[in-house]
Amino acid sequence: MIYSYFGEEFPLWYRLLIIFGVTLNGMALFIYGTVKVFRCKFGKIADILPVLLICILLVFIGSVILLNSAVVASEVNELNQIAIFQYIIFFSLGLFLNKILKYKKVLTILYWGIVLFWLSNVNEFFLLDLTQSGLKDDSYLIYSDYFAVLALVVVFMKRNSIWLIGYVLVSIAVIYTLNSRSAFVFLTLVLLFFGYLMNNKFYKYSLFLLLTGTIYWIYMYIDLDVLQHMRMFSIFFGVDADVDGSAQARQHLVEINLKDIKNNWLIGNYGGQYEMFGLAGAYIHNVLSFWRQFGLFTFMGILGLLGILGMRSFWIIKRRREEGYLLVLFTMYVALGIFLSKSYVYPTLWFLFGFYVYKQMQEKTVLKCKF
């Protein structure tokens, strides 16, 4: 009621006070829930800190969005409310991913159903024709990212199968048709790295021969000038204004928004992209968008969590722990996205965080919980 009364004149210091109060309350509920409700015992306090930080960030970001909803444009408010809703949904999916992985046949059927549906809608340029299938044209980024996550899960499940190379090739082909350059490049790189990790010699030899053959075929029969002016491949040849206007626009957004971060380096400038450009989607398309929207604390928290996940992935690889490779694949894919092309509205980041929380609580027995 007080918030509605003040409206746009709602004091900043009072909003911050409520945000920190709600965040502290969230910390208290988290500690009470893990200790009392789930009867968990802490192993090392250092092991539980990343899990606690994730919960704090969720509560903090949600509080910022809620308490600023009356002082920003409705477009920004709608975008960010959807974003925090997706955070929670994807965090929950990641938290229970190991339970979902038990239904391998269902996931495989879902994978092939999506593959066949999307390939049946590919047009003469080998890209998905979203208009013919009744889907929205601006949704290809979401569909490509969802498919990339599903592809990584299914490929991981098939890691010991003789059909592994087939799943990898089909996944790369489908992600190409979805017309998202970043998802296409990032998923391809992650799947190629997965080939390096695996002890499946048949897969490694087949992948090597295919790569060699593809490079030779492109060199002998494909005009590189043609590839340079194709949207899906222009990224490898630098920014072309005629083909890759969106990349130039994103560079411009980074330059302008960095100045705003400099002026509001501590608490950020929530919804500032609308003030400057009149568009809710004119945010920075990388991890700096967290700083711009939610301030320095959130930005440092996200960087810290990604650093922890990077170290965890390094030790999994070094110790050749095959059962942990899925976390490595997700970390690589999400890190490439959040540092190079994705923003704070990127829900897959929270899917990764949810999966990490499960790993911390269950597999390493940091918390001895029965859930």
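## Asn286 and its surroundings

Asn286 touches Val254, Ile338, Phe339, Lys342 and Ser343, leaving aside residues up to four places away in sequence, where contact means heavy atoms within 4.5 Å. Asn286 is found in the loop between helix H13 (272-277) and helix H14 (288-294); helices (H or I, at least four residues) and strands (E, at least two) are DSSP runs, numbered from the N terminus. With a relative accessibility of 13%, Asn286 counts as buried, a word that stands for under 20% relative accessible area, while exposed means over 50% and partly exposed lies in between (1.4 Å probe, protein chains only).

This is a predicted model, in which local features need pLDDT of at least 70 and side-chain atom pairs count only at pLDDT 80 or more, whereas totals for chains, interfaces and linings use all residues. Residues are numbered from 1 along each chain as its sequence is written, and side-chain values use heavy atoms, with hydrogens and water left out.

## The protein as a whole

The secondary structure of the protein comes to 17 helices and zero strands. Of its 371 residues, 47% count as buried. Among contacts between residues at least 6 apart in sequence, 71% join residues that are at least 24 apart.

## Helices H6 and H8

Helix H6 (residues 104-119) and H8 pack at an angle of about 45°, and their axes are 10 Å apart; the axes are lines fitted to C-alpha atoms, for helices over the stretch in contact, and angles run from 0 to 180 degrees between N-to-C directions. H6 and H8 are therefore oblique to each other, given that angles under 35 degrees count as roughly parallel, over 145 as roughly antiparallel, 65 to 115 as roughly perpendicular and the rest as oblique. H6 passes H8 in a left-handed crossing, a term used if the near helix is turned anticlockwise from the far one by less than a right angle, with right-handed used if clockwise.

On the H6 side, the contact is made by Thr108, Tyr111, Trp112, Val115, Trp118 and Leu119, and on the H8 side by Tyr167, Val170, Ser171, Val174 and Thr177. The residues of this contact of H6 with H8 divide into eight nonpolar, three polar and no charged, where Ala, Val, Leu, Ile, Met, Phe, Trp, Tyr, Cys and Pro count as nonpolar, Asp, Glu, Lys and Arg as charged, and the others, Gly among them, as polar.

Phe147 is found in helix H7 and is buried, with a relative accessible area of 1%. Leaving aside residues up to four places away in sequence, Phe147 touches Tyr111, Ile114, Val115, Trp118, Ser171, Val174, Ile175 and Leu178. Phe147 and Leu187 are 40 residues apart in sequence, and their C-alpha atoms are 9.9 Å apart in space.

H7 and helix H9 (residues 181-197) pack at an angle of about 10°, with their axes 10 Å apart, and that makes H7 roughly parallel to H9. In this contact, Ser144, Ala148, Ala151, Leu152, Val155 and Phe156 of H7 meet Ala183, Leu187, Val190, Leu191 and Phe194 of H9. The contact residues of H7 and H9 divide into 10 nonpolar, one polar and no charged.

The structure holds two salt bridges, each being a side-chain nitrogen of Lys or Arg within 4 Å of a carboxyl oxygen of Asp or Glu. In one of them, the side chains of Glu322 and Arg159 meet at 3.0 Å, N to O. This pair links distant parts of the chain, 163 residues apart, with Glu322 in the loop between helix H15 (296-318) and helix H16 (325-340) and Arg159 in the loop between helix H7 (140-157) and helix H8 (164-177). Glu322 counts as partly exposed at 24% relative accessibility, whereas Arg159 is buried, with a relative accessible area of 18%.

Another salt bridge joins the side chains of Glu323 and Arg321 (3.1 Å, N to O). Glu323 is partly exposed, at a relative accessible area of 41%, and Arg321 is also partly exposed, at 25%. Arg320 lies in the loop between H15 and H16 and has a phi near 55°, a positive value in a residue other than glycine. Most residues other than glycine have a negative phi.

## Gly354 in helix H17

Gly354 has its place in helix H17 (residues 348-363) and counts as buried, at 0% relative accessibility. Gly354 touches Phe91, Gly94 and Leu95, not counting residues up to four places away in sequence. The C-alpha atoms of Gly354 and Cys55 are separated by 9.9 Å, although these residues are 299 apart along the chain.
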